[in-house]
Amino acid sequence: MALWRIRATVDDRPGYLSVLTASLALRGVNILTVQVHTTEVGAVDDFLVDAPDQLTEADLRAAVERGRGRDCWIARSEARGLADQPTRVLGLASRLVRDPDATGEVLRTLLGADTVTWRAGPAGPSGGVGATRMLLPDPSGGSYELSRREPSFTPAEYARAQALVELAAAVARRDDDRVTLVLPDGAEVRVRPAGPDDLTGVVELHESCSARSRQRRYLSGAGCPSPARLRRLLAPAGGLTLVATAGGGAATEPVVAMANLLGEGDEAEVALLVRDDWQRRGLGSALLRRLVGHAERIGYAAVQLHVQAENTPMLRAVRRLDRPTSVQRDGSVLTVTAPLAARRADLPRQAGATARSHRAP
């Protein structure tokens, strides 16, 4: 027995797929896996089959055509093809999490592309999928161009490839936010995106802050937020939470600051909490700059901060951004708005990136 991949278009009508599978079965062909790609011209069925050794490519093509299949593509396969598609995609996604720079090779492996090239220009209005060419917008800027002589690309393959490209961009953004900051007094802190495992450290941060610091952060009340609320802040939808840790490289470094970017519509709200003994050392300003930069990269139109009028350290940090701002007052609370350069609709053109190229070996 030999493994083959067969791809053919079948009219999307009741019973037509069964006619094709019956035609293959008559030649002793065992269908191991099947994927169905919906297209405008019909359903493209992608089979992995085990066929008798004596059957040739011509025999298989004849069986497909007798089963009302058309635009047939047939190629020998290997044992690794036995892994189902979800398993393969999850494995490739795992590789991207470890190495987002492997995006080109992952796309080549996923789609069996002949070439994968990154280009500085956006995919443009012609982006999408054609018979032998695919254009994928890169959320970090630029686009990927894929080519494959055969079989033709399908919309389902485009969707899978785009999901992996977006995953790689998200991982790259996460890695960009992992830095070691050297403060003006020479102290070092490690800044990184927060995760669920940071809940204990963030609870301890709040407990170690003064009531005044907590009230400046949350504006109402000086108590500690509930663990459920803090858990939501660690993974905000459409935003980012950074934590700063210090402790000389210890296995469990204490969290000394938390910075939140909370997205809502075209604007994002920024809020900071810095432990009292780390205030007035430049840490808050550094975290604020990183959050504003992140908001600009992902395309928010503006960031807002709700600040008590007497919170001069926070207002000073805003001025250090050196950006135009507008201020509205509601009692003792100021709402400071800073417009950003990038907007979501313009993001592919606004995002700059260093040119990269991935070509299949």
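**View A. Strand 1 (residues 2-10) and strand 3 run antiparallel and are joined by nine bridges.** The model is predicted: local features need pLDDT of at least 70, side-chain atom pairs count only at pLDDT 80 or more, and totals for chains, interfaces and linings use all residues. Residues are numbered from 1 along each chain as its sequence is written, and side-chain values use heavy atoms, with hydrogens and water left out. Strands (E, at least two residues) and helices (H or I, at least four) are DSSP runs numbered from the N terminus, and two strands pair if DSSP finds at least two bridges between them. V10 has A43 of strand 3 as its bridge partner.

**View B. Strand 2 (residues 30-39) pairs with strand 3 in the antiparallel sense through nine bridges.** Two residues lie between these strands, which form a hairpin. The bridge partner of V34 in strand 3 is F47. Of the 10 residues of strand 3 (residues 42-51), 10 are buried (under 20% relative accessible area, 1.4 Å probe, protein chains only).

**View C. The largest nonpolar core contains 39 residues.** Such a core is a set of buried Ala, Val, Leu, Ile, Met, Phe, Trp, Tyr and Cys residues joined through side-chain atoms within 4.5 Å. Residues with the most contacts inside this core include V189, W278 and L288. Among the elements giving it two or more residues are strand 10 (188-193), strand 14 (302-308) and helix 9 (283-297). Helix 9 supplies the largest share, seven residues.

**View D. L288 is in contact with V270, L272, L305, A317, V318 and L321, leaving aside neighbours within four places in sequence.** Contact denotes heavy atoms within 4.5 Å.

Technical notes
Buried < 20%, exposed > 50% of the residue type's maximum accessible area, 1.4 Å probe, protein only.
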